[in-house]
Amino acid sequence: MKRSTPPEVAPAAVTLLDVAKEAGVSPSTVSRILNGTARVDATKRSAVEKAIKKLQFKPNLFARSLKTGTTMTVGILAQDIESPFYTRAMRGVEQGLAGSGYAPIIVSGHWNAHEEAERIRLLQARRIDGLVILTGHLPDEQIIEFARQQPIVVTGRHLEGPSIRCHTIDHETGGYLATRHLIGLGHRRIAHIAGPLDHVDAIERHSGYVRAHQEAGLVIDPELVVQGDFMESGGLMAMNRLLDSGHAFTAVFAANDQSAFGARVAMYRRGIRVPDDVSLVGFDDLPVAAYQTPPLTTVRQPIYEVGLFAAQSLLNMLGHPTPVVELPPLSLTVRETTRRM
């Protein structure tokens, strides 16, 4: 009769007591080092850190959260996780949290204030320690109210209040840089594929488009300003409307790169060459912009760095001193979709 193989016995989990014994210190010393609740002699700290590494000790985060009142998690409210813009920003947040022990929980608000509020309440029910809001439509007053429960970093707006840090981008200057570049190349009839009417950044980019024309003494043909939605499909449809209108133009400033990608497809299908027939400028400088055919001229905004800034600012608010990245200003990245008239 064949003998059955005895089941393997899982190795016992390494405990805090094991670490204390290996390091030659008391369990309370190990606990204080893990929780950061008190200053500990450098020699003892070094011994504990070596013991943790040798034994591959993994703290019980659930037990730790019960004891300290923290969960070591932070919420990230994006708007559309499929968007390459938010993917880039969340990569910055992730990198900013690296090595801190904090884990992100990511949710989407889909540019709907009610949905954004519901997602934040969901995160708060999970007892997050802090929150990053990447743009959105929530009223300032509601963000201030949410900040009564935990620290919040919000991007894309000017907002002051207890437990709140914010950062905004000068989108008006970005729109100005894009349009001035086209005017400097000799273009006088410049179309604009605008972003959603309820997005502050879209409104400001359009204002920059207007300022560049005013500075050059040019009159904008209102028929050349068409509505988009910051999506590739919206850019494609907006460009089709422009072309179907019969109004002449030699250049286009799209309110973001995704709109520019869609506009480029529409022109390709009509046999319109970029930049030989029409010059094209986007906004964002998404990583893929450099690998379009031809590579896209665009306004670079520091999307990744904004995510990094948000995470580092939040860590500081949570009591973890962290150097905060300096955000570079907007700049124009000239590639191959624009040419002189």
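Trainee: Which residues have the most contacts inside the largest nonpolar core?

Mentor: This is a predicted model, in which local features need pLDDT of at least 70 and side-chain atom pairs count only at pLDDT 80 or more, while totals for chains, interfaces and linings use all residues. Residues are numbered from 1 along each chain as its sequence is written, and side-chain values use heavy atoms, with hydrogens and water left out. A nonpolar core is a set of buried Ala, Val, Leu, Ile, Met, Phe, Trp, Tyr and Cys residues joined through side-chain atoms within 4.5 Å, where buried means under 20% relative accessible area with a 1.4 Å probe, protein chains only. The largest core has 43 residues, and those with the most contacts inside it are Leu134, Ile193, Met239, Leu242, Phe249 and Val252.

Trainee: Which helices and strands each supply at least two residues of this core?

Mentor: Helices (H or I, at least four residues) and strands (E, at least two) are DSSP runs, numbered from the N terminus. The elements that each supply at least two residues are E1, helix H5 (84–97), E3, E6, helix H10 (232–245), E8, H11 and H12.

Trainee: What is the strand order of the open sheet with parallel pairing?

Mentor: Two strands pair if DSSP finds at least two bridges between them. Strand E2 (103–108) and strand E5 (164–167) are the edge strands, each pairing on one side only. Four bridges join E5 to the parallel strand E4 (residues 152–155), and Thr155 has His167 as its bridge partner in E5. The five strands follow the order E2-E1-E3-E4-E5.

Trainee: At about what angle to E4 does helix H12 run?

Mentor: Axes are lines fitted to C-alpha atoms, for helices over the stretch in contact (heavy atoms within 4.5 Å). Angles run from 0 to 180 degrees between N-to-C directions. Helix H12 (residues 303–317) lies across strand E1 (73–78), strand E3 (130–134), E4 and E5, and its angle to E4 is about 160°.

Trainee: What is the strand order of the open sheet with mixed pairing?

Mentor: Its edge strands are strand E7 (225–227) and strand E11 (331–333). Strand E6 (residues 190–194) and strand E8 (residues 251–254) run parallel, joined by four bridges, and Ile190 stands opposite Ala251 in E8. The order of the six strands is E7-E6-E8-E9-E10-E11.

Terms used. Buried means under 20% relative accessible area, exposed over 50%, partly exposed in between (1.4 Å probe, protein chains only).
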